[in-house]
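Let's take a friendly tour of a protein model and see which side chains pair up. Have a look at the structure below, then read on.

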Amino acid sequence: MMRKVHSNEVKMAAMTRLKERGVTIEAIAEIVYQMQVPYTPDLKMEACVESVLAVLNKREIQHAILVGIELDMLAEKNMLSEPLLSLIRNDEGLFGCDETLALGSVFGYGSIAVTTFGHLDKHKIGLIKQLDTKKGGPVHTFMDDLVASIAAAASSRLAHRIRDEEEQQEAMEKDPNHQVS
C-alpha cells in the first residue's frame with residue numbers, strides 16, 4: 001500500500017534539506033531585502049524573513065526543493081547514470097532542467113517573480129553566487145536556482161503586500177470609516 005505523506009512531513013523535510021545544504025532563511029531574506037529595498041527604503045528585514053517563510057509553506061516550493069536537492073546529492077555520490085551525472089556535476093550551461101524546476105515553482109507569484117528569478121539567475125546575488133561556485137565541494141546545480149526561486153517568489157509576495165498596505169492606508173485616510181476586507 002502506498003503511504004500518504006502528510007504536508008508537515010514534506011515541509012520539515014524541505015526545511016531540513018535546506019539547512020543541511022547550508023541554506024538559511026536569513027540568507028534568502030537578505031537577497032529579498034536587496035531586491036526590494038530600492039522600492040521600499042524603510043523595509044525591515046523581519047518582513048523579508050516573514051515572506052520567505054510564507055513562500056516555504058507552499059507545497060510546490062517544498063516539492064521542488066526536495067527533488068532538486070536530491071538530484072544534487074545523488075550527483076555528489078555518483079549515483080546517477082551518464083550522461084546525466086556529468087551534466088549535473090558540471091552544471092552544464094545548456095542543461096536547463098535546474099532553471100525549469102525552479103522557475104515552475106515561481107509562476108504562482110506573478111510576472112514580478114518570473115522577471116526577478118531571471119535577474120537573480122543572471123546576476124547571482126548573495127548566497128546564490130556562493131552556491132553557484134562549481135570548483136570542488138558540493139554539487140549545487142539545482143540548489144542555486146531553488147534559492148533564486150524562493151527569493152524571487154518572496155520578493156514578489158512582499159511587493160504585492162506592500163502595495164496592498166499602501167492602498168489600505170490611502171483608503172483609511174480618505175474615509176476613516178472604511179472597512180478593510
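In which helix is the place of Glu 30? You'll find Glu 30 in helix H2, which covers residues 25-36. Keep in mind as you go that this is a predicted model.

- Is Glu 30 buried, partly exposed or exposed? With a relative accessible area of 33%, Glu 30 counts as partly exposed.
- Now hop along the chain to Ile 125, which is 95 residues away from Glu 30 in sequence. In space, the C-alpha atoms of Glu 30 and Ile 125 are 9.5 Å apart.

**Salt bridges**
- How many salt bridges does the structure hold? The count is 7, and here are some of them.
- Glu 9 and Arg 3 join their side chains in a salt bridge, at 2.8 Å from N to O. Glu 9 is partly exposed, at 38% relative accessible area, while Arg 3 is exposed, at 57%.
- Another salt bridge links Glu 50 with Arg 157, and their closest N and O atoms are 3.1 Å apart. Glu 50 sits in helix H3 (residues 45-56) and Arg 157 in helix H9 (residues 143-174), so this pair ties together parts that are 107 residues apart in sequence.
- Check how open these two partners are: Glu 50 is partly exposed, with a relative accessible area of 37%, whereas Arg 157 is buried, with 13%.
- Lys 124 meets Asp 121 in a salt bridge too, with 3.1 Å from N to O. Lys 124 counts as buried because its relative accessibility is 17%, which is under the 20% cut-off.
- Which residues join Lys 124 in one network? Asp 121 and Asp 144 do, through salt bridges that share partners.

**The aromatic pair**
- A search of the whole structure turns up 1 aromatic pair. Its members are Phe 95 and Phe 142, arranged edge-to-face.
- To describe a pair of aromatic rings, you give the distance of the centres and the angle of the planes. For Phe 95 and Phe 142, that's 6.1 Å centre to centre and 85° between the planes.
- Phe 95 lies in the loop between helix H5 (84-89) and helix H6 (97-104), and Phe 142 in the loop between helix H8 (127-132) and H9, so the pair ties together parts that are 47 residues apart in sequence.
- Are Phe 95 and Phe 142 buried or exposed? Both are buried.

Technical notes. Residues are numbered from 1 along each chain as its sequence is written. This is a predicted model: local features need pLDDT of at least 70, side-chain atom pairs count only at pLDDT 80 or more; totals for chains, interfaces and linings use all residues. Side-chain values use heavy atoms; hydrogens and water are left out. A salt bridge is a side-chain nitrogen of Lys or Arg within 4 Å of a carboxyl oxygen of Asp or Glu. Buried means under 20% relative accessible area, exposed over 50%, partly exposed in between (1.4 Å probe, protein chains only). Helices (H or I, at least four residues) and strands (E, at least two) are DSSP runs, numbered from the N terminus. Rings of Phe, Tyr and Trp (its six-membered ring) pair if their centres lie within 6.5 Å; planes under 30 degrees apart count as stacked, over 60 as edge-to-face and the rest as tilted.
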